[in-house]
Amino acid sequence: MTEEHIPEILALAEAVTQKPDWKQALDSVMAVVRSVFLFDNLALYILESGSSELTEIAYARAVGRGQSAGADVAWGAEIANRVIAQKEMVVQIPADSSPNDDRLTKPFLLGLPLRTYEGLIGAVVFVRFGGPEYTPAQIQRAQYIATQFSALFVRKKLTEEITALQNARRLLEMQEDFIATISHELRTPLGFIKGYTTTLLRKDTKWDEETRREFLQIIDEEADHLNELIENVLESARLQSNTLPMHFQPVRLDALIRDTMIRSQARYKDLQVRLDFSVAPTITADSVRLSQVLENLFSNANKYAPGAPVTVYLMQIKDFYRIRFVDAGPGIPSEYLPNLFQRFYRVPGQAGAGSGLGLFICKQIIEAHGGKIAVESTLGKGTAFVIDLPITGPKLGG
Ligand code: ADP
């Protein structure tokens, strides 16, 4: 290359190195390539990892002269496979290259191998319809362009590997955090059970019937707590790793709320609930999971707002259905609200059994439905949980 080529070399090098994302870099490389090399279509093929034959199309660009992208790729695939089989450049010109026929039927093809330090990774194919033929100088220029494409693919691969490693590290950190918290949470009830059992078993002390019952009651409650904790932990782990399947089907939302209320009232005798529905919609939901969310809210109202009436509103707001679950309990100080849906979070000084997993699980379930859950609370007045579910239902497969 001579001095006149330096601006072009510089432009290509800048395009490769200066864009944060490899796809953006590819677009800027293409912009430079278009201005320095004549072609109608270009396609990049990358070898599927571990294979030496099949090529997948990684990128295709038509710059004009009327061919559909599908046709470009089909033409390119054959020559790309030849480049890969022969591991070298392939130039193919039409047998009849007389200029007066329909030039779209006369592709002049140039296929070049893409190589990195790991060997052959794919091929780039240029097409010129009806010529002109590729001169030796142009072929050299195309070879230089191919090295720049190869550099971009190396970068793509490295970026993907870095992202995979970062994800693996984040997962590991989460698991370590999780193990630390869960060991602590499991030890607390286990400590009570062990303590009271040892006390009861002491041979040197006689306990009266009432004290014995009281201790056994504590052991029983703590065993229940332990059981609930383990259930919740398993459930939240499955939800977080997306391995808890959702069974979506049409569900009458008003009926689901009413049924859950009836079940909760059977369990919590003092629970007073009023329903205030302005719609009776059928939505796409997992009815078991959605009931679980409401059951958890009823259970919390019973635990944290005992004796206070609960009102459940159901309404439509624009393109979603809103459930407002309102209790007239003591409320939650505003500084704790942002953490309420976090795993294991409990308001400091909170009395009574609990794992801090209930609202976390609720949030995961609502989000799996494409919805949102939020909390509003005023000290001394009460707490409202607001659930918004999209009318269009969850986005499936996304
Ligand atoms: P858990 O009930 O096991 O502690 P949750 O995730 O269900 O866990 O709730 C987190 C915390 O939110 C509770 O510990 C409690 O402090 C607070 N909370 C939840 N619901 C209410 C409510 N209706 N009124 C007041 N505080 C509540």
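Where is Pro132 found?

1. **Pro132 and its peptide bond.** Pro132 is found in the loop between strand S5 (119–129) and helix H4 (136–201). The bond that joins Gly131 and Pro132 is a cis peptide bond. Its omega is about 5°. Please keep in mind that this is a predicted model.

2. **The ligand shell.** The ligand is surrounded by 19 residues. The closest are Tyr304, Asp327, Arg346, Gln350 and Ser355. By residue class, the shell divides into 8 nonpolar, 8 polar and 3 charged residues.

3. The side chain of Asn300 places an N or O atom 2.9 Å from an oxygen atom of the ligand. For Gly358, a backbone N or O atom lies 3.4 Å from a ligand oxygen. For Leu359, a polar backbone atom is 2.8 Å from an oxygen atom of the ligand. On its own, the ligand has 540 Å² of accessible area, and the protein covers 98% of this.

4. Which pocket does the ligand take? The space taken by the ligand is the largest pocket. Helix H7 (287–304), helix H8 (358–368) and strand S12 (382–390) are the elements that give two or more residues to the shell around the ligand. H7 provides the largest share of that shell, with 4 residues.

5. **Tyr59.** Is Tyr59 buried or exposed? Tyr59 counts as buried, because its relative accessibility is 6% and the cut-off for buried is under 20%. Tyr59 has its place in strand S2 (residues 55–62). Leu42 is 17 residues away from Tyr59 along the chain. The C-alpha atoms of Tyr59 and Leu42 are separated by 8.2 Å.

6. **Asp270.** This residue is found in the loop between helix H6 (253–267) and strand S7 (273–277). Asp270 is exposed, because its relative accessible area is 61% and exposed means over 50%. Asp270 and Pro306 are 36 residues apart in sequence. In space, their C-alpha atoms are 7.8 Å apart.

7. **Lys87.** What is the phi of Lys87? Lys87 is not a glycine, yet its phi is positive, at about 55°. Lys87 lies in the loop between helix H3 (69–86) and strand S3 (90–92).

8. **Lys318.** Lys318 has a positive phi of about 50°, although Lys318 is not a glycine. The loop that holds Lys318 runs between strand S9 (310–317) and strand S10 (320–327). With a relative accessible area of 73%, Lys318 is exposed.

9. **Lys395.** Where is the place of Lys395? Lys395 is in the segment after S12. S12 is also one of the elements that give two or more residues to the ligand shell. Lys395 counts as exposed, because its relative accessibility is 77%. In sequence, Lys395 and His369 are 26 residues apart. C-alpha to C-alpha, the distance between Lys395 and His369 is 7.6 Å.

Key. Residues are numbered from 1 along each chain as its sequence is written. This is a predicted model: local features need pLDDT of at least 70, side-chain atom pairs count only at pLDDT 80 or more; totals for chains, interfaces and linings use all residues. Side-chain values use heavy atoms; hydrogens and water are left out. A residue is near a molecule or strand if one of its heavy atoms lies within 4 Å of it. A polar contact is a pair of N or O atoms within 3.5 Å; within protein, one must be able to donate a hydrogen and the other to accept it, and residues adjacent in sequence count only if both atoms are side-chain atoms. Accessible areas come from the Shrake-Rupley method with a 1.4 Å probe; for residues, only the protein chains shown count as cover. On a 1 Å grid over the protein atoms alone, a cavity is a set of points where a 1.4 Å probe fits but cannot get out, and a pocket is an open set with protein on both sides within 12 Å along at least five of seven lines; lining residues have an atom within 4 Å of a point. A molecule sits in a cavity or pocket if more than half of its atoms lie within 2 Å of its grid points. Ala, Val, Leu, Ile, Met, Phe, Trp, Tyr, Cys and Pro count as nonpolar, Asp, Glu, Lys and Arg as charged, and the others, Gly among them, as polar. Buried means under 20% relative accessible area, exposed over 50%, partly exposed in between (1.4 Å probe, protein chains only).
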